[in-house]
Amino acid sequence: MNRTHIPGLVDIVTSEDATEIEAFAQDPNIDRAFADRSILTNGQILQRVLGILQIDGKPLPTVAPRSAPGRAEAQDALWNRLNALAPAYSTGPDELESLAAFVRGSGADDSCGILVQQVVGRLFAPEFQATEASWNAALLLDKAVHTLNPALSAWLDLTDQIDPAKQLLSNMVGGDLAAVHAIGFALHNIVSGVNLMRQIYGDSASRTALSPETAGTKCLFAPVNILRQPTAPVDSVSGVLETGTLLILGLQAANDNAPGANLAFLRGTWSQCPAEQWVPALLQGIWRRACNPQTQNQSIASPNDDASGAAG
Ligand code: HEM
């Protein structure tokens, strides 16, 4: 854990340690309410990041407080729905053929983003059609939320690109905030995984050696970082963390050091990802189909169909 603390000016804790991050994720006094913006730099960072991660003043689910009305119920409902779909995705159905072909080497190296967005978007809207514009919107949002370059941030604000990008994605999924998170932000972790899968597949020894489960695990990328803030003073090895302290937890770096789906999805914590079974199933399905292109011929039911049929 590192802490940068100049009273009144900045108080930021960073960690790339799996055990520390898990402890923070379980601590009932560490939340995503972000109510205390009294420390100058912390307040500026929160204003910037939370400004991107909201639509019409409503926070995306990854920055909603634990007790936000309806959050936990929506998380649970999505988790159940995606879990019902997961087994069908892991078989490598027809819908994954374009991604499997990409893994086998077809198309340009940077061409899988739009394919991933299509698969993720269809979870929420049956007629979803990813386009260059929707993929570019997702790229822009990813850049905007992660940049540490104030000049780039200022330029993005000045040219008013962020709101139209969010609006475009939101319109494609009927304003569903979890869906906007998925097709604008979360999909980048899957894109990283599919790109790595293409590299692994390119090596014939790995191709024959890796089971879908192992390939899926190797290609799991966690979010770069997650934000937290104490709601009451919390003791730590870096002294007492106050309600104005900002925690920037480097989940992907921690996952690199100690790979595991439990950490990558924050399983077993109140904010666990509702796609924690679906994403591994998707990655396994892509690998399975890439390795066995002719044996698969089944389709996923559309989101409007009965979930039990989808899982069959
Ligand atoms: C490799 C892909 C993904 C990884 C590693 C991942 C990981 C995570 C993690 C760590 C969180 C907790 C964030 C926090 O507590 O601050 C989270 C939250 C969330 N994820 Fe994912 N995610 C992935 C893909 C997806 C996809 C595809 C969807 C939707 C289909 C999704 C929907 C959500 C939602 C709605 C939340 C907020 C849950 C809540 O606290 O209410 N994620 N995800």
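The ligand has 29 residues around it, and the closest of them are Arg32, Arg71, Arg228, Ser271 and Cys273. Before I go on, please keep in mind that this is a predicted model.

What kinds of residues make up the shell around the ligand, by class? There are 21 nonpolar residues, five polar ones and three charged ones.

Arg71 has a polar side-chain atom 2.9 Å from an oxygen atom of the ligand. For Arg228, a polar side-chain atom lies 2.6 Å from a ligand oxygen atom. Ser271 also takes part: an N or O atom in its side chain is 2.6 Å from an oxygen atom of the ligand.

Which elements supply at least two residues each to that shell? They are helix 3, residues 71-90, helix 9, residues 177-201, and strand 6, residues 226-230. Helix 9 gives the largest share, six residues.

Start with helix 3. Helix 3 packs on helix 14, residues 278-291, at an angle of about 10°, and the two axes are 7 Å apart. An angle under 35 degrees counts as roughly parallel, and helix 3 and helix 14 are therefore roughly parallel to each other. Helix 3 passes helix 14 in a left-handed crossing. On the helix 3 side, the residues that meet helix 14 are Leu82, Leu85, Ala86, Tyr89 and Ser90. Helix 14 answers with Trp278, Ala281, Leu282, Gln284, Gly285 and Arg288. In this contact, seven residues are nonpolar, three are polar and one is charged.

Next is helix 9. Its partner here is helix 5, residues 113-121; the pair packs at about 125°, with axes 9 Å apart. That angle makes helix 5 oblique to helix 9. The crossing of helix 5 and helix 9 is right-handed. Helix 5 brings Gly113, Val116, Gln117, Val120 and Gly121, which meet Ala182, Ile183, Leu187, Ile190, Val191 and Val194 of helix 9. How many charged residues are in the contact of helix 5 with helix 9? There are no charged residues in it; eight are nonpolar and three are polar.

The last pair is helix 6, residues 132-146, and helix 8, residues 162-172. Their axes come within 9 Å and cross at roughly 130°. Helix 6 is therefore oblique to helix 8. Helix 6 passes helix 8 in a left-handed crossing. From helix 6, the contact uses Ala133, Ser134, Ala137, Ala138, Leu140, Leu141 and Ala144. From helix 8, it uses Ile162, Ala165, Lys166, Leu168, Leu169 and Met172. The residues of this contact divide into eleven nonpolar, one polar and one charged.

How values were computed
Residues numbered from 1 in each chain as written. Predicted model: local features only at pLDDT ≥ 70, side-chain atom pairs only at ≥ 80, totals over all residues. Heavy atoms only, no water. Axes fitted to C-alpha atoms, helices over the stretch in contact; angles between N-to-C directions. Helix = DSSP H or I, 4+ residues; strand = E, 2+ residues; numbered from the N terminus. Parallel < 35°, antiparallel > 145°, perpendicular 65-115°, else oblique. Left-handed = near helix turned anticlockwise from the far one by under 90°. Contact = heavy atoms within 4.5 Å. Nonpolar A, V, L, I, M, F, W, Y, C, P; charged D, E, K, R; others polar. Near = heavy atom within 4 Å. Polar contact = N/O pair within 3.5 Å; in protein donor to acceptor, adjacent residues only side chain to side chain.
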